[in-house]
Amino acid sequence: MTFETLESSYSTMDSVWKALVLLVLSSGVFCEVLQSFTDVPDCQKFFYEGQEPFGLASNATANICQRLQGAYHYATLYHRLARVPIYSAYILEVSTTSRPDLSSSSWYLEPMLGGVPQKDMLQPSNSIMQLNMEDVLESQGVNDDYRNSGYSRGHVNPSGHHSSASQLSTFTYTNMAPQDSTFNSGTWNQYETFLKDKILTSCKQTHVLSGVIISGSYPWEGKWLRERVNVPTFYWSAFCCVKSDGSRRVEGRLGRNASPFDVVTKTIPELEAILSKEYGQEVSLFSGGCQ
């Protein structure tokens with residue numbers, strides 16, 4: 001299989017369940033956390049020239065400006081049915097501390113996805129979350145989905161790409177997708193290290209988009225954890241590095257979330273073409289014009 005011909009696997013599912021999911025989508029209960037990222041100016045800064053990608057959003061996605069302790073740290077386009085982020089947008093920062101020592105059972109959840117009017121992400125043990133846990137569980141992946149699944153809780157937006165103020169905010173299940181542990185600690189980790197060690201040090205500012213290609217939008221398509229959380233076929237990333245002299249370096253990567261775990265360098269047009277094919281509409285990653 002080539003990167004240009006991405007495979008999808010299918011499994012059968014009860015027709016009643018199919019109809020129920022489609023009814024939920026059409027009923028409008030999937031309201032967005034934000035109508036648009038432009039609604040929060042502090043969220044626009046995570047996109048190059050303040051322009052979010054287009055072509056990746058759908059009726060099943062929600063715009064989340066990830067907020068912890070009153071501060072915004074990055075932006076996420078979250079797929080409510082697949083319960084994984086389609087992409088995360090952030091500014092590459094110097095990592096000033098070690099990985100937070102936080103049990104996976106205490107990783108944060110997004111209250112607003114469950115209809116709870118709290119802007120900050122909260123831990124599962126929070127009393128507000130406990131009172132609304134049924135709605136929260138329905139809206140996003142949680143610790144139990146990943147436990148003993150054989151997959152890592154893969155950061156789509158790596159904690160090591162942030163300062164101490166933002167690192168903790170990456171430990172939320174709205175920033176997680178199932179990732180093969182060999183891929184997580186191997187070739188994809190090498191790419192993330194390359195961004196931190198090579199790109200960060202040579203650029204005045206670097207905007208990053210990091211995302212996944214899901215294996216299916218519904219539990220009867222592709223591969224899933226407990227028929228709740230989709231296992232992506234690929235992880236992808238694109239960065240726009242602006243150097244001190246005004247010149248730019250812009251590149252993409254596509255990494256396979258299965259053996260042989262290869263990570264391939266792509267131009268932005270090449271990566272956009274792959275994403276356009278997968279998501280069925282034209283995709284533009286850096287709408288602000290980074291070339």
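1. A residue counts as buried here when its relative accessible area is under 20%, and in this predicted model asparagine 257 falls under that cut-off because its relative accessible area is 4%. Asparagine 257 lies in the loop between strand 10 and strand 11.

2. The side chain of asparagine 257 has polar atoms placed against two backbone oxygens: that of proline 178 lies 3.2 Å from one such atom, and that of proline 232 lies 3.0 Å from a polar atom of the side chain. Once neighbours within four places in sequence are left aside, the contacts of asparagine 257 include both of these prolines, together with Tyr151, Gln179, Asp180, Phe183, Val231, Thr233, Phe234 and Tyr235.

3. Helix 9 covers residues 268-279, and its twelve residues reach 16 Å from the first C-alpha to the last, which is close to the 16 Å expected at 1.5 Å a residue. Just after helix 9, glycine 280 takes a positive phi of about 75°.

4. Which residues of helix 9 are buried? They are Ile268, Leu271, Glu272, Ile274, Leu275, Ser276 and Tyr279, and these buried residues pack against five stretches of strand, namely strand 3 (84-91), strand 6 (205-213), strand 9 (234-242), strand 10 (248-256) and strand 11 (263-266).

5. For the protein chain as a whole, there are nine helices and eleven strands, and 54% of the 291 residues count as buried. Among contacts between residues at least 6 apart in sequence, 67% join residues at least 24 apart, while the chain exposes about 12800 Å², of which carbon and sulfur atoms supply 48%.

Notes. Residues are numbered from 1 along each chain as its sequence is written. This is a predicted model: local features need pLDDT of at least 70, side-chain atom pairs count only at pLDDT 80 or more; totals for chains, interfaces and linings use all residues. Side-chain values use heavy atoms; hydrogens and water are left out. Helices (H or I, at least four residues) and strands (E, at least two) are DSSP runs, numbered from the N terminus. The expected span of a helix is 1.5 Å times one less than its number of residues. Buried means under 20% relative accessible area, exposed over 50%, partly exposed in between (1.4 Å probe, protein chains only). Contact means heavy atoms within 4.5 Å. Accessible areas come from the Shrake-Rupley method with a 1.4 Å probe; for residues, only the protein chains shown count as cover. A polar contact is a pair of N or O atoms within 3.5 Å; within protein, one must be able to donate a hydrogen and the other to accept it, and residues adjacent in sequence count only if both atoms are side-chain atoms.
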